[in-house]
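Dear colleague,

Please find below the structure that I am handing over to you, with its sequence. My notes on what was found in it follow directly after.

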Amino acid sequence: MKTIAGYQHAVASHCETGSLRNLLHHAGLDVSEPMIFGTGSGPTFYYLFFAKGPSTFPLVGIRNMPGHIVRNVAARCGISIHQKQYRTTEAAFREANLLIDVGRPVAVSVDMYYMKYLPFFLRVHAPFHFVVLIGREGGTYAVSDPYSEPIGMLESEDLDAAWATGAPLSRDNFLAYVKSVPREIDWRSAALKAIRETCRNMVFPPVVRNVLFFAGIQGMRTYARTVAAWGRKYRGHVLREGILFNAVGFEDQGTGGAAFRLMYGSFLEELAEKFGWSELGELGDEMMLHGQEWQKFSRSLVKIGKKVPMKDEEYDDWRSSHGRDLDEGLKQASELFLERARFEEAFFPRLLKAVSRLRP
Amino acid sequence: MIIEKHGEGYDGSFRVVVYRKDDQGRTVTESVKSDMDDQIPTFYVQRREELTRLVCEVLDGKISPIALFMQYENMTLSDLSARIKLSSRRVKKHLAPAGFKDLTVDVLQRYARIFDVAVCDFFQFLYLDDGVSFDRKNRAERLFQTVDVAVRGASGSR
């Protein structure tokens, strides 16, 4: 199939930042994925105790709301990006077809489940997956998906089902494309604004912390406490899947490792190198080390989870002989994560202070 | 619904892009195997076992085909009701065999869209042995389905 001339498809850690990077690259702006993530104020932490995930454990949010990175980058960098949720899928299709035909790649937010070019185990109901449409022929679309090395092919019937799901957190019939990129972008000012917002999202004032006990640093603490209690609260394959799913969420689901913390460290280092902000370089190095420690926590979850038997009927016997190890392992994992919370509680105020000393 | 005896397997090619420091202390990206890579083949086995269990429950009249797909796709009742745009109470009815019988073709089509199947997939289980391939196409907004079945290496027949 003929795809849009000059569009360079490249894989990335994350779908939204990767798709935006590819779009901007096509529009003539060479920018890294960490730069987009950081400028979009990506990192957050939410322990959504009221929302069950696919593993039946509560959901954990480690980045801002889907679509907010695109919105923030566009606003802070002065890039004109058309972003619209169409009333009907037909209208979104009409607009996308017109744009593709004139050689403009189009980012869309879809449910990953219908992306049939991905391997079976990746096709889960995640209705906030960003991909770029870069060609069409008859009823088939060429898709640039940061999670797939080759260009994916998608039937219009599947795109139709994926584009408007009505699911929570989905952005039905959402379409975005780059209209224009300014000649000069004030990355300094954009990055400083973004860092301030990230710090505010992570560390709340004391009174607010008590109310929003599931968000930011307080959310990390709440989450750490629940890790220690998993062995008492869940059993059998639910326990196994839940533990492993948490580790996968932090490491493998398009985060670049350690729940985006490694990507954020890379962003701070890039700022230090570009603008000579040495203090941010040191903080970036610290964030990278923090990410490596976070990876240790995830690995400890994988180690614990793999030991839990897959079959519910085997669980009680296993629990009677290994229950103590399980509880001890989860307690240690909880401690490891509390340590990560302590780090971020000290880190983000320091980062905020550091950027307040910098001039855009 | 078409159920292959062995079905798709994992070819070991999955990689994730991670950020890490190289020997010179520079941050680089790298495509690496996941720590969970050895669990992916297990995942396929689990899914097959889960499907077998759910099909038995449908055939025994314990759950409806809607419940089969909902559980197989790890969806929650609230997620499914949001997607189908019906109240949780009504969707819950459809999860039982008695409630399933009352469904209209229109609602079945909407469910079929969510589960990425055709309406006929709610009514039949077609088992395919090894060495047989198939090409399935949904038609008329998943109301109909054509399936080309062929012995691997031979030409297809409908």
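By class, the residues that line the largest cavity comprise eight nonpolar, one polar and one charged. The model is a predicted one, and the structure holds one cavity of 30 Å³ or more. About 50 Å³ of space lies in the largest cavity. Its lining is made up of E16(A), S19(A), L20(A), L23(A), V70(A), I81(A), A107(A), F130(A), F174(A) and A176(A). Two elements of chain A, helix 1 (15-26) and strand 8 (174-180), are those that give two or more residues to this lining. Helix 1 of chain A gives the most, with four residues.

I turn next to the packing of helices in chain A. Two packed helices are described by the angle between their axes and the distance between the axes.

Helix 8 (residues 216-233) of chain A packs with helix 12 (residues 312-356) of chain A at an angle of about 165°, and the two axes are 6 Å apart. Angles over 145 degrees count as roughly antiparallel, and helix 8 of chain A and helix 12 of chain A are therefore roughly antiparallel to each other. Helix 8 of chain A passes helix 12 of chain A in a left-handed crossing. By class, the residues of this contact divide into 14 nonpolar, two polar and nine charged.

Helix 12 of chain A also packs with helix 11 (residues 278-307) of chain A; the axes of these two helices come within 10 Å and cross at roughly 165°. That angle makes helix 11 of chain A roughly antiparallel to helix 12 of chain A. The crossing of helix 11 of chain A and helix 12 of chain A is left-handed. The residues of the contact between them divide into 19 nonpolar, three polar and eight charged.

In chain B, a further pair of helices may be of interest to you. How do the axes of helix 3 (residues 77-84) of chain B and helix 6 (residues 105-115) of chain B cross, and at roughly what angle? They come within 10 Å and cross at roughly 120°. Helix 3 of chain B is therefore oblique to helix 6 of chain B. Helix 3 of chain B passes helix 6 of chain B in a right-handed crossing. On the side of helix 3 of chain B, the contact is made by L80(B), R83(B) and I84(B). Helix 6 of chain B contributes V107(B), R110(B), Y111(B), I114(B) and F115(B). By class, this contact has six nonpolar, no polar and two charged residues.

Yours sincerely

Definitions and conventions. Residues are numbered from 1 along each chain as its sequence is written. Chains are lettered from A and ligands numbered from 1 in the order in which they are written. This is a predicted model: local features need pLDDT of at least 70, side-chain atom pairs count only at pLDDT 80 or more; totals for chains, interfaces and linings use all residues. Side-chain values use heavy atoms; hydrogens and water are left out. On a 1 Å grid over the protein atoms alone, a cavity is a set of points where a 1.4 Å probe fits but cannot get out, and a pocket is an open set with protein on both sides within 12 Å along at least five of seven lines; lining residues have an atom within 4 Å of a point. Grid points are joined across faces, edges and corners, and a volume is the space filled by probe spheres set on the points. Ala, Val, Leu, Ile, Met, Phe, Trp, Tyr, Cys and Pro count as nonpolar, Asp, Glu, Lys and Arg as charged, and the others, Gly among them, as polar. Axes are lines fitted to C-alpha atoms, for helices over the stretch in contact, and angles run from 0 to 180 degrees between N-to-C directions. Angles under 35 degrees count as roughly parallel, over 145 as roughly antiparallel, 65 to 115 as roughly perpendicular and the rest as oblique. A crossing is left-handed if the near helix is turned anticlockwise from the far one by less than a right angle, and right-handed if clockwise. Contact means heavy atoms within 4.5 Å.
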